[in-house]
Amino acid sequence: VDTNTLHVDATNNRVGIGTTSPDRALTLYAAATTRFNLKSANDSTVGIEFGDPDDTNAGYIVYDNSTNKFTVGVNGAGTKVAIDSSGRLLLGTTTEGNESADELTVSNSGNTGITIRSTDSSNCSLFFSDATSGAAEYAGYVQYLHSNNSLKFGTNNTEQMVIDSSGRLLLGTTTEGNADADDLTIATTGHTGITLRSATDKDGAIYFSDGTSGADEYRGIIVYDHDDNTLKLYSDATLALTLD
């Protein structure tokens with residue numbers, strides 16, 4: 001019809017629109033930007049269904065004009081992906097999450113998660129941005145480096161915490177401390193310390209343990225008792241020194 005507006009390839013049972021050489025059952029072609037329109041009444045749905053002759057609605061892509069929502073279904077199991085009228089992406093659900101974090105919602109009846117996969121020499125990253133250029137594109141980030149199997153956390157465009165391949169926690173540095181005490185290393189360019197804050201009638205404590213039960217869980221203790229403002233030191237699970 002009209003040269004190539006509509007072409008039927010009877011030999012291969014194919015139809016071409018805009019082409020005389022359809023390479024699929026239906027091929028649409030235009031030299032410039034084009035669209036394929038499916039329209040229905042204002043409150044109706046319009047879509048495409050996929051399946052073999054024995055399947056009913058095995059897979060589908062549907063647009064609901066009444067709610068302005070796209071839904072995708074697979075394997076006859078109902079909607080698996082939805083893009084709602086606000087542009088929110090919903091996977092495995094049709095209900096968005098909390099309004100402060102609802103642009104992407106993932107739901108499942110069992111274990112649920114997201115996988116980011118790269119090569120063994122590349123990085124997997126999650127960036128938090130408040131701009132579209134410069135350092136503001138990654139003001140905050142969580143990044144896994146497969147090259148050395150370390151997990152990094154950054155704030156204000158700066159790396160602040162690293163968990164290395166040995167499970168050591170490094171705060172403010174990428175270099176661990178002495179081998180005898182390198183499980184936690186904290187570094188700053190000024191005064192550096194750790195604060196333990198508890199209620200006015202409770203204790204703040206550090207326990208030294210060589211077991212997972214009984215007195216082995218607290219063989220050595222440094223404890224500050226806020227109730228009577230005393231500092232106590234324990235050795236071999238026994239109070240050895242009190243500073244009142």
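Let's begin at T94, which sits in the loop between β8 (89-91) and β9. Strands here, like helices, are DSSP runs numbered from the N terminus, with at least two residues (E) for a strand and at least four (H or I) for a helix. Keep in mind that this is a predicted model, where local features need pLDDT of at least 70, side-chain atom pairs count only at pLDDT 80 or more, and totals for chains, interfaces and linings use all residues. Residues are numbered from 1 along each chain as its sequence is written, and side-chain values use heavy atoms, with hydrogens and water left out.

T94 has a relative accessible area of 43%, so it is partly exposed. That label covers the range between buried (under 20% relative accessible area) and exposed (over 50%), using a 1.4 Å probe and protein chains only. Leaving aside neighbours within four places in sequence, T94 touches K69 and T79; a contact here means heavy atoms within 4.5 Å. S118 is 24 residues from T94 in sequence, and the two C-alpha atoms are 30 Å apart in space.

Beyond its neighbours within four places in sequence, K69 contacts V62, Y63, D64, A82, I83, D84 and T94. K69 is buried but has no salt bridge, and D84, the nearest side chain of opposite charge, is 6.0 Å away. For charges, Lys and Arg count as positive and Asp and Glu as negative, while His and the chain ends are not counted. A salt bridge needs a side-chain nitrogen of Lys or Arg within 4 Å of a carboxyl oxygen of Asp or Glu.

Strand β6 belongs to an open sheet of six strands, in the order β4-β5-β6-β7-β8-β9, with mixed pairing. At the edges are β4 (45-50) and β9 (104-106), each pairing on one side only. Two strands count as paired if DSSP finds at least two bridges between them. Four bridges join β6 to β7 (residues 79-83), and these two strands run antiparallel.

### Salt bridges

By the 4 Å rule, the count comes to nine salt bridges. Three of them are listed here.

| Salt bridge | Closest N and O atoms |
|---|---|
| R88 and E96 | 3.9 Å |
| R219 and D236 | 2.8 Å |
| K232 and D225 | 3.9 Å |

K232 and D225 are both buried. D236, by contrast, is exposed, with a relative accessible area of 52%, and R219 is partly exposed at 29%. Elsewhere, salt bridges that share partners join D84, R88, E96 and D102 into one network.

### An aromatic cluster

The structure also holds four aromatic pairs. Rings of Phe, Tyr and Trp (its six-membered ring) pair if their centres lie within 6.5 Å; planes under 30 degrees apart are stacked, over 60 edge-to-face, and the rest tilted. F127 and Y138 make a tilted pair, with ring centres 5.9 Å apart and planes at 50 degrees. F127 is in strand β10 (residues 123-128), while Y138 is in the loop between β10 and β11 (140-145), 11 residues apart. F127 is partly exposed at 42% relative accessibility, and Y138 is partly exposed at 34%. The rings of F127 and Y141 are tilted too, with centres 6.2 Å apart and planes at 55 degrees. Y141 counts as buried, at 11% relative accessibility. Together, F127, Y138 and Y141 form one aromatic cluster.
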